[in-house]
Amino acid sequence: MLRVDDLHRPGLGPLSFHIDEGECLALTGPSGAGKSLLLRAIVDLDPNQGRITAAARPRDSVPAPEWRRLVAYLPAESGWWMDRVGDHMPDGQAARELLDGLGFADPDAVLSGLVGQLSSGERQRLALARGLLGTARVLLLDEPTSALDPENCALVEALLRARLAAGVSVLLVSHDVAQVARLAARGLRLEQGQLVAGS
Amino acid sequence: MSGYIELSYLDLALAALLLLFNAGLSLLLGLRLEGRMLLAALRMTVQLLLVGLVLQTLFNFVSLWLTALVALVMALFAGREILARQEHRLAGWWGYGIGSSTMLVAGMVVTMLALNGPLRPDPWYDPRYAIPLFGMILGNAMTGISLGLDSLTSLARQERAGIEAQLILGMSRWRAMRPVAQRALRTGFTPMLNSMAAAGVVFLPGMMTGQILAGVVPEQAVKYQILLLFLIAGATGLGILTAIMASVWRLTDDRHRLRLDRLR
């Protein structure tokens, strides 16, 4: 589970909320409301203050790289730092199975391919796979299916449901109202950096 | 086979006519460079005449402290030059401090090595050896360091998504900055490698040419030049490495964040 207390940074908060184990919490709000700022603050990518606990471990007591393996963040724009796709993730059986489940017919061909030749939808699914390969107990997903067609979108949702069933907590930012209804029982709404009535 | 031809101020004035020719060309073609050209020439003349005076004084005194002071001033100027050549520099004193201190340390270490190893003047800090050596090392290492730092800061901005993607996956700041730092190091090393590869074929290096004009036999002048190029290579490597590492450290923080807000 994830517990956030009194989190604040310029343009955001202070805000408090929690997500239970195996729960998907939706985060909605207009563009520029601070949704991405909030996700970045939780994984400590920008300076911020507040108490955050994930899987019973307080953020202050965990080195930042370890914290980010515990709380995985998937930004709306994925980043790549090498030419070959396979250089961005451990190339093992787990990666192959994950890619297979995400609709890649030939995982080996994808892994040996070049990042520059991927479509935006492929990039989005590969970034998700890369983030899910670790041992994260909390997932912060920023528009994880914005570039996907309905078929691939359903694959991603099925994968997320499996993770939720395994006890992973998910914070989902999505403009897709139907998707939010399908995955999340509870929601938060962010406006101008402040939480307004939950739904 | 030793001795050199002395120059008078009249000789210099005659050579300066060439510059007037350039200025005339600029007027004729409407380049509007004549003002800057004359000013640059004037600055060059005055600066070098002053340096001549300073060096003459230094050579008369042969004092360790005076020599060290002049070296310090040179390194501070080099630090300013490094800063001026960067498009996105570290904010505050960091940009200037990293440039000047790495220049000073790298230049000093290598100059000391040369003065106590191959050259051994008496005393070891004899400014006639120490200052020209330090100056040449500084000038060349400066080019490499400023290129490397400029490339590092530009790349860090450009490759922000890739760097943060690695941080998000739980890599350390050193690991996440490695691809960018490697490219910056390569850029910084390039001019030094090019000048070693081209020396003697494409151009005759300045120091060697100067020594030959002053009456030194080519065999000795060439040896001095080779020594100097090795010293420059050493100082450039040492300087770039420390400057890039220090900048990577400053561009990130202990919570392993990329801190582009520390650039301006």
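1. Axes here are lines fitted to C-alpha atoms, for helices over the stretch in contact, and angles run from 0 to 180 degrees between N-to-C directions. The structure under discussion is a predicted model. In it, helix α4 (residues 93-119) and helix α9 (residues 218-251) of chain B pack at an angle of about 150°, and their axes lie 9 Å apart. Because angles over 145 degrees count as roughly antiparallel, α4(B) is described as roughly antiparallel to α9(B).

2. The crossing of α4(B) past α9(B) is right-handed. From α4(B), the residues that meet α9(B) include W94(B), I98(B), G99(B), M103(B) and P118(B). On the α9(B) side, L227(B), L231(B), G234(B) and R250(B) are among the residues involved. By class, this contact comprises 15 nonpolar, seven polar and one charged residues.

3. Chain B is assigned two domains, domain 1 (7-61) and domain 2 (63-262). Their centres, taken over C-alpha atoms, are separated by 28 Å. Five residues of domain 1 and seven residues of domain 2 of chain B make up the contact. On the side of domain 1 of chain B that touches domain 2, there are five nonpolar residues, no polar and no charged.

4. Chain A contains an open sheet of six strands with mixed pairing, in the order β6-β7-β8-β3-β9-β10. Strands β6 (71-74) and β10 (194-196) of chain A each have a single partner strand, so one side of each is left without a neighbour in the sheet. From one strand to the next, the twist averages 25°.

5. Within chain A, strands β3 (residues 24-28) and β8 (residues 169-173) run parallel and are joined by four bridges. C24(A) has V170(A) as its bridge partner in β8(A).

Technical notes:
Residues numbered from 1 in each chain as written. Chains lettered and ligands numbered in written order. Predicted model: local features only at pLDDT ≥ 70, side-chain atom pairs only at ≥ 80, totals over all residues. Domains from an automatic or database assignment. Contact = placed C-beta atoms within 7 Å. Nonpolar A, V, L, I, M, F, W, Y, C, P; charged D, E, K, R; others polar. Helix = DSSP H or I, 4+ residues; strand = E, 2+ residues; numbered from the N terminus. Parallel < 35°, antiparallel > 145°, perpendicular 65-115°, else oblique. Left-handed = near helix turned anticlockwise from the far one by under 90°. Pairing = 2+ DSSP bridges.
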